[in-house]
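Visitor: I am new to this structure and would like a close look at a single part of it. Please take the salt bridges and the strands around them.

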Amino acid sequence: MVARLVIAAPSSGSGKTTVATGLMAAFAAAGLAVSPHKVGPDYIDPGYHALATGRPGRNLDAYLCGPDLVAPLFAHGAAGCDLAVVEGVMGMYDGAAGQGELASTAHVAKLLRAPVVLVVDASSQSRSVAALVHGFASWDPEVRVAGVILNKVGSDRHEALLREALDESGVPVLGVLRRVARVSAPSRHLGLVPVAERHAEAVESVAELASRVREGCDLEGLLALARSAPALPGAAWDPASALGRSPAAPGSPQVAALAGPAPRVAVAGGAAFTFSYAEHAELLTAAGAEVVTFDPLHDEGLPEGTAGLVIGGGFPELYAPQLSANERLREAVAELALSGAPVAAECAGLLYLTRELDGEPMCGVLDAKARMSERLTLGYREAVAVSDSVLAAAGTRMRGHEFHRTAVEPGAGASPAWGLHAPKRRVEGFVRGNVHASYLHTHWASEPGVARRFVESCAR
């Protein structure tokens, strides 16, 4: 049994990330092993969580992975820890559009059988806070709202009014944080600026958050609440076991039966490519690969012996001149793709493989151009593989997420990667030789055979 808390809020902007990251850092500084988690597909907040705890930030997404995998993935990430803190997404009851509670913070809290602490922006209310908290606590009797942390409180008098009102709600106040602008993290077109781009400043911000939480929150009460969570049934997710349960691709040998050393898979990292799910590297390793990271901003070549390449999401649009200036690496990537080595690229990786990004030359693997756009593309997607590729056989169904403010022209190649069903039917992405490139972010734990198929292709 892992002690656990879910940090939720009535709406976005209430201070979930501030409180969750501060709690993680405060408990970690007190000597606890803290497991950090984030509800939903967000990649940026887990970077701050990892900084606060020294452990990988992990996502719990009931849409991408399905409800049945939420508790096993949680148990996998939290193994050996004293406490897990789960930061929610949007408002507590906001989930996948048009699908009820699916993938909402409330849904995940129920799947984890975890107590919820509601973070309320109290800056423009006093007695009304009791009605708000009562409404959220009583809306779904299966969700246990067991405490409140009041954020952006203006004064001692304001705090007294809020506490007096909440005395009648039956939900205890477990923390009060005053308005402090100096620890707010900078944002831009897709949310917070990732840790990798401002590491020194982020360290200071997280330390300040920990200090604020220690001063304003009842850490003993919060820990006692976390320890009141019951045991979770079922086994923890395990990458090797997940691969063993997945059917092999038709006609392909198992990696374990292949002779020779483990194929080396290079995974892009650094400030330009910060979006990744921790389970992807674990699945690649369990499938038989040696995973090596590299930084396209600074490394002039791929890791020696690279047999396959994975380029995830991030912000290449902010680093286009630097990425373009690293001509040796761009040529190495193009040569690798031309040689037939497997390449899997998502979103930022797609942009990097095009001919140019905002006029700056990129790798030229794909006959397409990319540019910044005024339009934000955001949302969950139902997808089916249109073409056979190193990731999936045609007809494979997966769920994904789009999150970008760029456009690629054309949006699909002669052999598209995915057919998407909503919000409108369209094909998207590129399959060219052994290259699979798409805007769609997927979580491979939902379909472990993706990792095995990729590694088998690298081994061959």
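Is Glu-382 buried, exposed or partly exposed?

Guide: Glu-382 counts as partly exposed, at 30% relative accessibility. The terms here are set by relative accessible area: buried is under 20%, exposed is over 50%, and partly exposed is in between, with a 1.4 Å probe and protein chains only. The model is predicted, so local features need pLDDT of at least 70 and side-chain atom pairs count only at pLDDT 80 or more, while totals for chains, interfaces and linings use all residues. Residues are numbered from 1 along each chain as its sequence is written, and side-chain values use heavy atoms, with hydrogens and water left out.

Glu-382 has a charged partner. Its side chain meets that of Arg-399 in a salt bridge, at 2.9 Å from N to O. A salt bridge is here a side-chain nitrogen of Lys or Arg within 4 Å of a carboxyl oxygen of Asp or Glu. Because Arg-399 lies in strand β17 (residues 397-409) and Glu-382 in strand β16 (residues 369-385), the pair ties together parts that are 17 residues apart in sequence. Strands are DSSP runs of E with at least two residues, numbered from the N terminus. Arg-399 is also partly exposed, at 24% relative accessibility.

Strands count as paired if DSSP finds at least two bridges between them, and β16 and β17 pair in the antiparallel sense over 12 bridges. One of the partners in β17 is Met-398, which is bridged with Ala-383. On another side of the account, β17 pairs with strand β22 (residues 441-442), again antiparallel, over two bridges. There, His-401 has His-441 of β22 as its bridge partner.

The side chains of Glu-402 and Arg-426 form a salt bridge with an N to O distance of 2.5 Å. Glu-402 is buried, with a relative accessible area of 2%, whereas Arg-426 is partly exposed at 26%.

Glu-101 is partly exposed, with a relative accessible area of 34%.

Technical notes:
Helices (H or I, at least four residues) and strands (E, at least two) are DSSP runs, numbered from the N terminus.
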